[in-house]
Amino acid sequence: PGPDGLPSEMPFARDVQPAPEMVYSPEEIRAALAALRRAPAEPTDGGAPSVRRRLTEALAATSGAKQFAPEARDALEVVDDLIGSIRGDAILPESVKSWLGDLEMTYGQLATENAEFLDTTATPLHPALQLLNELAELGNTADAGEGLDPVLRDQVETVLARVRDGYEGDE
């Protein structure tokens, strides 16, 4: 197993494509992500479980022993690492960490539907990556003792709610 306890893949696993009936369908993934959005993760001693872990467990319970397409699996790992690295910033205000938690499943869905959004060489960056960058910058500019300005925090929460509630696979 890999560091997250999930099966790690051989370096050449991308060359071996699983049979189509053994791969989670986009519909199965969307349904599982929708259910996970309604049931936020309970933090453990090690923090909140990763998107990939939660999604894998939910899909196994509803769809049986299948697997992600290799591109989706790789993209989910990148999303987990990206969000985990931002969330692990010790000086980041809790409000920003909470926002990341709210967006995790949306980013998980995007990763399984459009792994290209993770391309950091694209000009301009995908709006989802721009949003993560902006949240991280916003967190770094917050007053360490007082956090974010309440008006700004309310504006950000309004935008994030629209992103979280309105995303259905469109850019």
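Colleague: Which residues of α3 are buried?

Modeller: Please bear in mind that this is a predicted model. The buried residues of α3 are P70, A72, R73, A75, L76, V79, D80, I83 and I86. They pack against α2 (51-63), α4 and α5.

Colleague: What span should the 18 residues of helix α3 have?

Modeller: At 1.5 Å a residue, helix α3 (residues 70-87) should span 26 Å. The C-alpha atoms at its ends are 26 Å apart, which agrees with that expectation.

Colleague: By what is a pair of packed helices described?

Modeller: The description uses the angle between the two axes and the distance between those axes. In this model, α4 and α5 pack at an angle of about 170 degrees, and their axes are 12 Å apart. Angles over 145 degrees count as roughly antiparallel, and α4 and α5 are therefore roughly antiparallel to each other.

Colleague: Which residues make the contact of α4 and α5?

Modeller: From α4, the contact is made by V96, W99, L100, L103, Y107 and L110. From α5, it is made by A128, L131, L132, L135, L138 and G139. By class, this contact has 11 nonpolar residues, one polar residue and no charged residues.

Colleague: At what angle do the axes of helix α1 and α4 cross?

Modeller: The axes of helix α1 (residues 26-38) and α4 cross at roughly 170 degrees and come within 10 Å. By the reasoning already applied, α1 and α4 are therefore roughly antiparallel to each other. Here I29, R30, L33, L36 and R37 in α1 meet M105, T106, G108, Q109, T112 and E113 in α4. The classes in the contact of α1 with α4 are four nonpolar, four polar and three charged residues.

Colleague: Let us turn to aromatic rings. How many aromatic pairs does the count come to?

Modeller: Rings pair if their centres lie within 6.5 Å, and by this rule the count comes to two aromatic pairs. One of them joins Y107 and F117.

Colleague: Why is the pair of Y107 and F117 tilted?

Modeller: Planes under 30 degrees apart count as stacked, over 60 as edge-to-face, and the rest as tilted. The ring centres of Y107 and F117 are 6.0 Å apart and their planes are at 55 degrees, so the pair is tilted. The pair links distant parts of the chain, 10 residues apart: Y107 lies in helix α4 (residues 94-113), and F117 in the loop between α4 and α5 (127-141).

Colleague: Are Y107 and F117 buried or exposed?

Modeller: A residue counts as buried under 20% relative accessible area. Y107 has a value of 4% and is therefore buried; F117, at 0%, is buried too.

Note on methods: Residues numbered from 1 in each chain as written. Predicted model: local features only at pLDDT ≥ 70, side-chain atom pairs only at ≥ 80, totals over all residues. Heavy atoms only, no water. Helix = DSSP H or I, 4+ residues; strand = E, 2+ residues; numbered from the N terminus. Buried < 20%, exposed > 50% of the residue type's maximum accessible area, 1.4 Å probe, protein only. Axes fitted to C-alpha atoms, helices over the stretch in contact; angles between N-to-C directions. Parallel < 35°, antiparallel > 145°, perpendicular 65-115°, else oblique. Contact = heavy atoms within 4.5 Å. Nonpolar A, V, L, I, M, F, W, Y, C, P; charged D, E, K, R; others polar. Expected span 1.5 Å × (residues − 1).
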